[in-house]
Amino acid sequence: MAEYSTYKTRYVSGSTAYDYDSAEVFGEYAPERDIEIPVARKLRDEVVSTPSQAASQAISPVAILGFALVAVLMVFSLFARAQLSQISLQVVEQQTVLEELATQKQKLLVQYEFAFNLAEIEDYAIQELGMQQPRSEQIYYISSGVADKAEIITPEHQKNGLQKVFSAIGEYLR
């Protein structure tokens, strides 16, 4: 059996396990000892009175600040929604005004085109202004000896967008 010492040493001679069969060291574990089992106590119902003052919990200032911030953001959100709906209503009104102006423009264009009827202009010029049709000696024809010609210049090859950019930069730097 190992010797027990009060000093902590690294080396112990023998086994360090407890020997429970030794009645002189561990008497409560002796095999011939009678075990006493205590009798169960009777439980009785008792009414426990609650304290007159309930324990109060403190509210964190950070939580109060957070709730206040949330409330302010909700109010701002409501105001933003109100402004958005008001602006949307104004947009709808402006679109209806724009449509009315477009139809009015079309009507005015039609009236403008009918205002320049050549037959009416000629009748107005002859009757109101006293103009006359030209006589044959008043008409002169001009002929040019050189025929009109036009030349269309087409590039030899089509350039893509990047080539156009580089050529424009090159022409700018020249």
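These are my notebook entries on one predicted model.

**Ground rules.** I number residues from 1 along the chain as its sequence is written, and my side-chain values use heavy atoms, with hydrogens and water left out. As the model is predicted, local features need pLDDT of at least 70 and side-chain atom pairs count only at pLDDT 80 or more, while totals for chains, interfaces and linings use all residues.

**Confidence.** I looked up pLDDT, the predictor's confidence in each residue, from 0 to 100. The chain averages 81, and 76% of the residues score at least 70.

**Overall layout.** I found 3 helices and 0 strands, in the order α-α-α from the N terminus. Both are DSSP runs numbered from the N terminus: helices are H or I with at least four residues, strands are E with at least two. Of the 174 residues, 3% count as buried. The accessible surface is about 18700 Å², with 59% of that belonging to carbon and sulfur atoms; the areas come from the Shrake-Rupley method.

**Helix α1.** α1 has 55 residues and spans 80 Å from first C-alpha to last, close to the expected 81 Å. That expected span is 1.5 Å times one less than the number of residues. At the start of α1, a side-chain oxygen of Ser 60 comes within 3.3 Å of the backbone nitrogen of Val 62.

**Surface patch.** Leu 69, Val 72, Leu 73, Val 75, Phe 76 and Phe 79 make a nonpolar patch of about 610 Å². Patch residues need over 30% relative accessible area and no salt bridge, and nonpolar side chains are joined within 5 Å. I looked at Val 75, which sits in α1 (residues 61–115) and is partly exposed at 41%.

**Salt bridge.** How many salt bridges does the count come to? I got 1, taking a side-chain nitrogen of Lys or Arg within 4 Å of a carboxyl oxygen of Asp or Glu. Glu 137 and Arg 135 form a salt bridge at 2.8 Å, N to O. Glu 137 is partly exposed at 47%, and Arg 135 is partly exposed at 46%. Side chains of opposite charge can pair when their charged atoms come close.

Terms used: Patch = residues over 30% accessible without salt bridge, like charges linked within 9 Å, V, L, I, M, F, W, Y side chains within 5 Å. Areas by Shrake-Rupley, 256 points an atom, 1.4 Å probe, with all protein chains shown as cover. Buried < 20%, exposed > 50% of the residue type's maximum accessible area, 1.4 Å probe, protein only. Polar contact = N/O pair within 3.5 Å; in protein donor to acceptor, adjacent residues only side chain to side chain.
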